[in-house]
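Good morning, colleagues. Please look at the structure as it is shown here.

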Amino acid sequence: MKKSRSLLGIEQLEPAEISRVLRLARRMHGARPRPLLRNRRIALLFYEPSTRTRVSFEFAAKALGAITTLVQATASSIEKGESLVDTGLTLRATGADAIVIRHPSSGAPHLLARHLDIPVINAGDGMHEHPTQALLDAYTILRHRKQLRGLKIAIVGDIYHSRVARSNIHLLSKCGAQVVLCGPPELLPEVAASLGPGVRITRHIDEALRGADVVMVLRVQQERLAGLQLHMDEYIAGYQVTPERMRLAKRDAILMHPGPMIRGAELAGDLADTPASVITEQVANGVCVRMAVLLTALGAAP
């Protein structure tokens, strides 16, 4: 990571930096709690609701001996109109050693980092990036494959609105994977192919899944479909990942989903419970990966 030690996105990271975090996560995986961050204070600044990301950051911090404080928009001075920068300065003044932020506006973590002298970790900003999700996805893949280079990874669903997709595209393409994006034009503009080397687009799900090592399915954000004149039944017919379509992938392919998952929409109902699915494993891996991110950000990696 950069000198500031903030983690604002995958786009700014070099492959070597990504590898260092993933190696550290491997050391943290299944390890007993270690007070490497004893008495360090980490503020969890969440302007959006979250289950997986918030809880795993909190568990990761506490497993390292840190003290956490959750700040939510509906239960703080934010509700009274306090600006993001002033909220960050307040947290810094009260003793925060790092801030983990989730915000609905793209670029909010970058703005905060420019005004603070402590690490800022992006836990998802608007439609921009979700770097720790991409790191834990890569970590999960590497638990099943020797390397990312050369893998065919199909990402299917609402890619246009997905910060998870953007971070994954940056990371996987940097590390030499062949990334195939699949979705209707309304949810996957052609410009998405410019996000990384070796990234291509197909409108045909059979082509995307055929021979894939990894199938990554994204939530269809149904609240956005009305304005796009795209009906859910049309999406399901053309792009839902079903057991039949999954059989086009390699026999040992793994199935991923960053959550929250809507069964019967982007994914056929029981497919998430099959042996190919590593969806629950992704959630579990979030803790050790976020331990590695916190240690790196605070300069406390063993």
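Helix H1, residues 15-28, is the element that contributes most to the lining of the second largest pocket, giving 6 residues. Helices here are DSSP runs of H or I with at least four residues, numbered from the N terminus. The model is a predicted one, in which local features need pLDDT of at least 70 and side-chain atom pairs pLDDT 80 or more, while totals for linings use all residues. Residues are numbered from 1 along each chain, and side-chain values use heavy atoms, without hydrogens or water.

This second pocket holds about 210 Å³. A pocket is an open set of points on a 1 Å grid where a 1.4 Å probe fits, with protein on both sides within 12 Å along at least five of seven lines; lining residues have an atom within 4 Å of a point. Volume is the space filled by probe spheres set on the points. Its lining includes Pro15, Leu22, Leu142 and Cys175.

The largest pocket has a volume of about 580 Å³. Of its 25 lining residues, Arg102, Arg163, Arg219, Gly259 and Pro260 are the closest to the centre. Helix H2 (52-63) and helix H6 (163-174) each give two or more residues to this lining.

Finally, Asp137 lies in helix H5, residues 131-142. Asp137 is buried, that is, under 20% relative accessible area with a 1.4 Å probe.

Methods:
Buried < 20%, exposed > 50% of the residue type's maximum accessible area, 1.4 Å probe, protein only. Lys, Arg positive; Asp, Glu negative; His and termini not counted. Salt bridge = Lys/Arg side-chain N within 4 Å of Asp/Glu carboxyl O.
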